[in-house]
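Please look over the sequence and the model shown here before reading on.

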Amino acid sequence: QVQLVESGGGLVQPGGSLRLSCEASGFPVRFYHMNWYRQASGKERELVASIRSTGGSVYSADYPDSVKGRFSISRDNFKNAVNLQMNSLKPEDTAVYYCNAARGQADYWGQGTQVTVSS
């Protein structure tokens, strides 16, 4: 019924790029606060990108300093999806990346997709 399906992860060399996609089913992403998190092995989950909208328009987009200028989150309302463009990737970006949707008490998560940055 309600599902987030992620794709686009994989192995990339340092300095390379990946584009993650998260397609939602059962709810409209344009009405939700959409986030990308990542969790490296043995470490806590951290927020890497967030986009917030009101009435289908973007209200704000935020990134932590660790990825600012390299990562970009966007919405595709036609596909009911949220994307994460990742450029200039570094080994420390290696993690499982999760898509998250939140609104009120709703809290939906994708299954995660592995991103490995290694030469």
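Is S88 buried, exposed or partly exposed? S88 is partly exposed, with a relative accessible area of 41%, where buried means under 20% relative accessible area, exposed means over 50%, and partly exposed lies in between, using a 1.4 Å probe and protein chains only. This is a predicted model, in which local features need pLDDT of at least 70 and side-chain atom pairs count only at pLDDT 80 or more, while totals for chains, interfaces and linings use all residues. Residues are numbered from 1 along each chain as its sequence is written, and side-chain values use heavy atoms, with hydrogens and water left out.

**Loop residues and backbone angles**

- S88 sits in the loop between strand 8 and strand 9, where strands, like helices, are DSSP runs numbered from the N terminus (E, at least two residues, for strands; H or I, at least four, for helices).
- The phi of S88 is near 50°, a positive value in a residue other than glycine.
- Most residues other than glycine have a negative phi.
- N80, in the loop between strand 7 and strand 8, likewise has a positive phi, near 55°, without being glycine; N80 is buried, at a relative accessible area of 16%.
- K90 is found in the loop between strand 8 and strand 9 and is partly exposed, with a relative accessible area of 35%.
- Not counting residues up to four places away in sequence, K90 touches R70 and V117, a contact being heavy atoms within 4.5 Å.
- K90 and R30 are 60 residues apart in sequence, and their C-alpha atoms are 30 Å apart in space.

**Nonpolar core**

- The largest nonpolar core has 28 residues, and those with the most contacts inside it are M34, W36, F71, L84, M86 and Y97; such a core is a set of buried Ala, Val, Leu, Ile, Met, Phe, Trp, Tyr and Cys residues joined through side-chain atoms within 4.5 Å.
- At least two residues of this core come from each of strand 3 (18-25), strand 4 (33-39), strand 5 (46-54), strand 7 (71-76), strand 8 (81-86), strand 9 (95-103) and strand 11 (113-117).
- Leaving aside neighbours within four places in sequence, M86 is in contact with G16, S17, L18, L20, R70, F71, Y97 and V115.

- N83 belongs to strand 8 and counts as buried, at 8% relative accessibility.
- The side chain of N83 makes a polar contact of 3.1 Å with the side chain of S21; a polar contact is a pair of N or O atoms within 3.5 Å, where within protein one must be able to donate a hydrogen and the other to accept it, and where residues adjacent in sequence count only if both atoms are side-chain atoms.
- Beyond its neighbours within four places in sequence, N83 is in contact with residues including C22, W36, I73 and D76.

**Salt bridges**

- The count comes to four salt bridges, each being a side-chain nitrogen of Lys or Arg within 4 Å of a carboxyl oxygen of Asp or Glu.
- The side chains of R38 and D93 meet in one of them, at 2.8 Å from N to O; R38 lies in strand 4 and D93 in the loop between strand 8 and strand 9, so the pair ties together parts that are 55 residues apart in sequence.
- D93 also forms a salt bridge with R70, at 2.8 Å from N to O, and this pair links distant parts of the chain, since D93 is in the loop between strand 8 and strand 9 and R70 in the loop between strand 6 (57-62) and strand 7, 23 residues apart.
- Salt bridges that share partners join R38, E46, R70 and D93 into one network.
- R38 and D93 are both buried, and R70 is buried as well.
- A salt bridge also joins the side chains of D65 and K68, at 3.6 Å from N to O, and D65 is exposed, with a relative accessible area of 69%.

**Disulfide**

- The structure holds one disulfide, defined as a pair of cysteine sulfur atoms within 2.5 Å.
- The disulfide is formed by C22 and C99, with their sulfur atoms 2.3 Å apart, and the link is left-handed, with -80° about the S-S bond.
- C22 lies in strand 3 and C99 in strand 9, so the pair ties together parts that are 77 residues apart in sequence.
- Both cysteines are buried, C22 with a relative accessible area of 1% and C99 with one of 0%.
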